[in-house]
Amino acid sequence: MTETEDQLQREAQQWLIRLTSGQATTSDAAEFRRWCALSTDHAQAFANARQLWQDLGPAAQQIEKTESSESQAAAHSASEIVPLPQRRMGRRAFLTGALAASAAFVFVRPSFMGEFAGLLADYHTGVGEQRSVTLSNTTALELNTQTRINQQVFNDGSQGVELLSGEVEVLTQAPFKMRAGTGWVGSDDGKFVVRSTGPEVMVTCVAGHLTVSHQGSNFQLSSNQQISYSEQSHSEPVEVNTQVVTAWRQRLLIFENETLAHVINELNRYHSGRIMLMNEKLGQRRVQARFKLDQLSDVGGLIRDAYGAKVRQLPAGVVLVG
C-alpha cells in the first residue's frame with residue numbers, strides 16, 4: 001500500500017468514527033460529502049472502510065475461540081512461534097491492536113447509514129441524547145435517543161411531523177398529526193409516546209385522547225392505553241403502565257419481566273459502546289431491572305452484579321456478556 005493509499009484509509013476510518021460518534025453535526029455531514037467528492041479514490045477508500053466494518057461484524061463472537069487457540073499454541077511450545085491466518089490477525093488487530101480505536105465503528109454503530117441519514121432530518125438525536133423541541137406555542141416534543149423527525153405538510157393541508165425512527169413524547173393542546181410507519185396518530189389535546197425502533201410502531205396514550213389510524217382502521221385511545229402495528233397488522237388497544245413507558249423522561253429504564261436479551265437490546269440504544277450477548281440461554285432469562293441512564297458507562301458491571309453473568313470489557317466500549 002502506498003503512502004497516499006494508507007493516508008486515505010486512515011482518513012476514511014476517522015470519518016466513520018466521527019459520523020457514528022453520536023456527536024456529528026450537519027456541518028460534519030457537509031464536510032464529509034466534500035471529502036468524498038475530492039476524487040474517486042476518496043470515495044472508494046470510504047467504501048472499503050465501511051465494507052471492512054461490515055465484514056468484521058461477527059469478529060467478537062470469535063474472540064474466545066481465538067484466545068483459546070493462542071493459549072494452546074503457547075502451551076505446546078513456549079519458544080515456537082505459531083502464525084495465525086492473516087485474516088484472523090487482521091480482525092484481532094482491529095479489536096485490540098493498532099486499530100483498536102477503529103473498533104468503535106465495528107461494534108458501536110451497526111446502524112451507521114441510518115444514523116448518518118439522521119443528519120439530514122429536521123430534528124435528530126444521537127446515542128444517549130435527549131432533546132426538547134417546541135414546534136409552536138401549543139405543541140412540544142421530547143426526543144429520546146437515536147430519533148429522527150421531519151416536519152411535514154400533509155395532503156389535506158394540515159401540518160405535523162413524520163417519525164422516521166426512534167421514540168418521541170408529544171404534548172399538544174391543538175390539533176396535531178404524526179405519521180409513523182404505515183399509520184397515523186392524531187390528537188387535539190393530549191400527551192402520548194410514539195416509538196418506531198423496528199418493524200413495529202408502538203403508540204401509548206399518557207393523558208387525554210388520541211386517534212390511531214392504520215390500514216383503514218381507526219382506534220380511539222385514552223389515558224394508559226397502548227396499540228402497536230406493523231406494515232400488515234395491528235393489535236387491539238391494551239392497558240399499560242405508562243410510568244414504565246415514559247421512564248426515559250426521568251433518565252431511567254425500567255423492565256418488568258422482560259428477557260435479558262430484550263434488556264440488552266434496549267441498553268444498546270443508549271450505551272456509547274456495544275453490548276454483545278454471547279449466551280443464548282442466559283438471554284432468555286426473565287428479569288426485573290432498573291437502570292439509570294447516567295450510569296451506563298459501567299453497564300458491564302451493572303449486568304455482572306445484577307445477574308451474575310460473565311462480563312468482559314473490550315476496547316471502544318464493547319462488552320461481551322456470556
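A residue is called buried when its relative accessible area is under 20%, exposed when the value is over 50%, and partly exposed in between, as computed with a 1.4 Å probe on protein chains only. The model is predicted, and local features are taken at pLDDT of at least 70, side-chain atom pairs at pLDDT 80 or more, and totals for chains, interfaces and linings from all residues. Residues are numbered from 1 along each chain as its sequence is written, and side-chain values use heavy atoms, with hydrogens and water left out.

The chain contains 11 helices and 16 strands. Helices (H or I, at least four residues) and strands (E, at least two) are DSSP runs, numbered from the N terminus. Of its 322 residues, 43% count as buried. A contact is defined by heavy atoms within 4.5 Å. Among contacts between residues at least 6 apart in sequence, 50% join residues at least 24 apart.

Salt bridges were searched for across the whole structure, and 8 were found. The term stands for a side-chain nitrogen of Lys or Arg within 4 Å of a carboxyl oxygen of Asp or Glu. One of the salt bridges joins the side chains of E169 and R249, with an N to O distance of 3.0 Å. This pair links distant parts of the chain, since E169 belongs to strand β5 (residues 159-172) and R249 to the loop between α8 (242-245) and β12 (252-259), 80 residues apart. E169 is buried, at 5% relative accessibility, whereas R249 is partly exposed, with a relative accessible area of 28%.

The side chains of R195 and E266 form another salt bridge, at 2.6 Å from N to O. R195 is in strand β7 (residues 183-196) and E266 is in helix α9 (residues 260-267), so the pair ties together parts that lie 71 residues apart in sequence. Both R195 and E266 are buried. The two residues also belong to a network of salt bridges that links E167, R195, E266 and R269.

A further salt bridge is formed by the side chains of D294 and R251, at 3.1 Å from N to O. Here D294 sits in the loop between β14 (286-292) and α11 (299-307), and R251 in the loop between α8 and β12, so that distant parts of the chain, 43 residues apart, are linked. D294 is exposed, with 58% relative accessibility, while R251 is partly exposed, with a relative accessible area of 27%.

Helix α9, which holds E266, is mostly covered, with 6 of its 8 residues buried. These are L260, A261, V263, I264, E266 and L267. In α11, the buried residues are V299, G300, G301, I303 and Y307. The cover over the buried residues of α11 includes α9, β13 (274-277), β14, β15 (311-313) and β16 (318-321). Just after α11, G308 adopts a positive phi of about 65°.

Pockets were identified on a 1 Å grid over the protein atoms alone, as open sets of points with protein on both sides within 12 Å along at least five of seven lines; a 1.4 Å probe was used for cavities, and lining residues have an atom within 4 Å of a point. Grid points are joined across faces, edges and corners, and volume is the space filled by probe spheres set on the points. The second largest pocket holds about 460 Å³ of space. It is lined by 19 residues, of which V244, V245, I254, E258 and H262 are the closest to its centre. At least two lining residues come from each of α8, β12 and α9, and β12 gives the most, with 6 residues. The lining comprises 11 nonpolar, 3 polar and 5 charged residues. In this grouping, Ala, Val, Leu, Ile, Met, Phe, Trp, Tyr, Cys and Pro are nonpolar, Asp, Glu, Lys and Arg are charged, and the others, Gly among them, are polar.

Strands β2 (residues 131-134) and β3 (residues 139-143) pair in the antiparallel sense over 4 bridges, pairing being assigned if DSSP finds at least two bridges between two strands. S132 has E142 in β3 as its bridge partner, and a hairpin of 4 residues joins β2 to β3.

Q220 lies in strand β9 (residues 217-222) and is exposed, with a relative accessible area of 57%. Residues up to four places away in sequence not counted, Q220 touches L210, T211 and Q225. Q220 and C205 are 15 residues apart in sequence and 9.7 Å apart in space, C-alpha to C-alpha.
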